[in-house]
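Look over the sequence and the model, then read on.

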Amino acid sequence: MWFSSGMQRAVWAVLLWPYLLTLCIPLVCKEEQGSLTRCPSISQEKLLDRVIQHAELIYRVSEESCSLFQEMFVPFPMRLQRNQAGYACITKELPIPSSKSEIQQMSDKWLLHSVLMLVRSWIEPLVYLQTTLDLYDDASEVLLNKTKWVSEKLLSLEQGVMVLIKKMLDEGMLPTTYSEQGLLHNDGQPEMLESVMRDYTLLSCFKKDAHKMETFLKLLKCRQTDIYNCA
Amino acid sequence: MALKFSYIGSKWICLLFYLILFTAMVPPRHPHLTGCVSTNLETFRCRWNVDYFQNLSQPGDLRLFYINNKPPHAPPKEWSECPHYSTDRPNECFFNENHTTVWAYYSVQLRSKDLAILYDENRFNVEDIVQPDPPVGLNWTLLNMSLTGAYYDIMLSWKPPRSADVEMGWMTLQYEIQYRSVTSELWEVVDLVKNTQRSIYGLQTNVNHEVRVRCKMHGGKEFGEFSNSVFVHISSKVSTFPVVALFIFGSLCLVAILMLVVISQQEKLMVILLPPVPGPKIRGIDPEILKKGKLRELTSILGAPPELRPELYNNDIEEQNDTLTDLDTDWLMDHSLSSNCSPLSVGFRDDDSGRASCCDPDLPSELEVSPFHPLTPTQILSKEPSCPAASEQSTLVQGSTGVEPLFVAPSREALYTQVSGVRSSGNVLLSPEVDKTTNEDSEKDMTEKEKEKKAFQLLVMNADDGGYTSELNAGNMSPRSSEGDMSERDMSDHSKAGEDLSSSPSPSPYYKSDTSSMSALAPVPVYTMVEGVDTQNSLLLTPNSTLAPQMINQKSVPTPDGYLAPDLLSSVTL
């Protein structure tokens, strides 16, 4: 498929070069002498398990938040059209395969990098979502707490994936950078229903991507343990 | 009432209305999509229903179009038709792996053959429509059984559906177990588990149980179908009824035994649980005085020098038994008064429970008695052979050895008075009580009776007769007591002759005392102690001056446990 084409790889390299230029965050402790960070060393398996746990939880909480939001704010007739803007998920530009067969053909490296990309692309939108939810008059505490929790966990997931990349792929640390996509401009005061639907779409898209992350990581784990069954 | 009827009536009317509406007046529903379902997140299928439009049930009459990741308003040429209309069942479209994109949203439309009529449409994400196949391989094993054999636990295990790719981690499933006894209609639901085994506790024996499992995707909303039920049955022979009866019987027996024990040992238990409280008791003092507050009498008794009150400070805590009182009365009392060995006073008996042990025998104070009265038992016996021998004696003289023994019979309730003189006949004159305060007449009656019995007499015998002097301390001195009066009147005549007696020796025994003691006769009786009898059969009395100040604040005197110390009592005197 398009993975195999060299052109695509070149495009990838071009896209990724800003990452290489900026500084990296030291996360792995045991390999750096005199490091100021104090994280304990952890085995790769355990780290992967923990990362998967994170991803599972994030997916579950995002699913709960989505349902909560739907119950509270989305009027019933609009619920069927919740995916009206689904095609316009902010991460749809990312070259992430969506079918099982495609995913199975991905290498470990691409799996990890895809996950990292997804995570990073959602950090800022979630922060934005927090601010908009605060503007709602009757957003429940539960919903706000859930979204807050998710954005925090996402950050730690990002760090975990970065460490995993370093351990598994022996690559240098990729810097954190903010998403270049500016799809979330808040121009003036949108109409209530519009903003509701926009936020709802945001939540659904995030839920979808969380599921993707979880699946990728699980496939990765399967490959670690038993490569014959999983491929 | 009227409201109730109207409410019920309106309900029925509404029901009827809807029934009519839906059956007769509403036109038959056009074909519609019943739902799209995926079982393994890799494929899915969409189904629709043709209710009344039977002419459209032919294959190809209805067509399904879908569009993927694009807005549904796209022109029809971008829509694709169903990749595969199912052959095994009608009105179904199957999307295989190639046409399934997991995290993409789908729009599906049901149209007529000529695409002109749009009957129904649906939008979804594939991961949202997952309903996994039921688990397979349901199996149970016995974990353990209860002691009574009435309940048991099982471990249920199963396998995930084959269609779901759990090994790879493509799908994470959660399982829900439901079980019930065959007779009941209600299913017991066990919480979701991620493992493929779960234990069920507390199933009853001899009852047929039905167990089934279903699963859903982790984070998904809808459950799949239930698996085939598996039946669990364990029979046991132990029936529960005798166990319960046995327990009841055993507990009843235990209760009965306890009751028997309590009843038989009631007294002992009462002593243990409610130990007897020592009542107010001072040896040598009538408890009636203590109870009824005759403090003046009390102080007159307790104000005596401690040596005169041997009974109060007797180390021997044991009660005086009746034999003792018998002995006392027998040789202490004048024969004219009573010659039989009647007890001195019933009232003197100490009825309160201020004793260390009810069952302890009265110990004879042999040690005290022996150096002084080797002959007294025989003397007593010789004097009054009809009376029982003394078993207990207490000495008045404690410090004076070598002196002719004095014998003083102890008597708890004995009151003290002062010797005012000694007559030639040998009788000792005693001064009467100055103040008598009685609160109630009944007390007087009681004390009257007691006084009658408590005759006293101080016998001073000639030394030739054996040489003992006895000092009798009896009960209340009252001018009204007949016996006491007799001797008292005799003695009071010579009260003024006390002075003379003190200095003049006479063949008849007399007592010596300091002038200070004599002078203290009139207003406040001063007591002294007879130390002994000299060779001339005269009484040797201890000097009073040293004793007087010590009378009241006599703290060095050993007090028996539990008894009120006289010095404490004297502090409450009027």
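This is a predicted model: local features need pLDDT of at least 70, side-chain atom pairs count only at pLDDT 80 or more; totals for chains, interfaces and linings use all residues.

## A covered strand

β13(B) is mostly covered, with nine of its nine residues buried. Buried means under 20% relative accessible area, exposed means over 50%, and partly exposed lies in between, with a 1.4 Å probe and protein chains only. Strands here are DSSP runs of E with at least two residues, while helices are runs of H or I with at least four residues; both are numbered from the N terminus.

Residues are numbered from 1 along each chain as its sequence is written, chains are lettered from A and ligands numbered from 1 in the order in which they are written, and side-chain values use heavy atoms, with hydrogens and water left out.

## The sheet around it

Which strands make up the open sheet? The order is β11-β10-β13-β14 in chain B, four strands with antiparallel pairing. β11 (188-193) and β14 (230-232) of chain B stand at the edges. Each has a single partner strand, so one side of each is left without a neighbour in the sheet. From one strand to the next, the twist averages 25 degrees. Such angles run from 0 to 180 degrees between N-to-C directions, with axes as lines fitted to C-alpha atoms.

Two strands pair if DSSP finds at least two bridges between them. Strands of a sheet pair through backbone hydrogen bonds, either parallel or antiparallel. In chain B, nine bridges join strand β10 (residues 173-181) to strand β13 (residues 209-217), and the two run antiparallel. E176(B) stands opposite R214(B) in β13(B). S181(B) has H209(B) as its bridge partner in β13(B). On to the other neighbour: three bridges join β13(B) to β14(B), again an antiparallel pair. There, V211(B) has V230(B) of β14(B) as its bridge partner.

## Two disulfides

How many disulfides does a search of the whole structure find? The search finds two over all chains. A disulfide is a pair of cysteine sulfur atoms within 2.5 Å.

One joins C36(B) and C46(B), with the sulfur atoms 1.8 Å apart. This pair links distant parts of the chain, ten residues apart. C36(B) sits in strand β1 (residues 32-37) of chain B, and C46(B) in strand β2 (residues 44-49) of chain B. The link is right-handed, with 105 degrees about the S-S bond. C36(B) is buried at 8% relative accessible area, and C46(B) is buried at 0%.

Another joins C82(B) and C93(B), its sulfur atoms 1.8 Å apart. This pair also links distant parts of the chain, eleven residues apart. C82(B) is in the loop between β4 (80-81) and β5 (92-95) of chain B, and C93(B) is in strand β5 of chain B. With 110 degrees about the S-S bond, this link is right-handed. C82(B) is buried at 8% relative accessibility, and C93(B) is buried at 0%.

## Two other cysteines

C66(A) is buried, with a relative accessible area of 4%. C253(B) is partly exposed, with a relative accessible area of 34%.

## Positive phi in two loops

Most residues other than glycine have a negative phi, and most peptide bonds are trans. L41(B) has a positive phi, near 65 degrees. L41(B) is in the loop between β1 and β2 of chain B. Is L41(B) buried or exposed? L41(B) is buried, with a relative accessible area of 0%.

N206(B) also has a positive phi, near 60 degrees. The loop between β12 (197-204) and β13 of chain B holds N206(B). N206(B) is partly exposed, with a relative accessible area of 42%.
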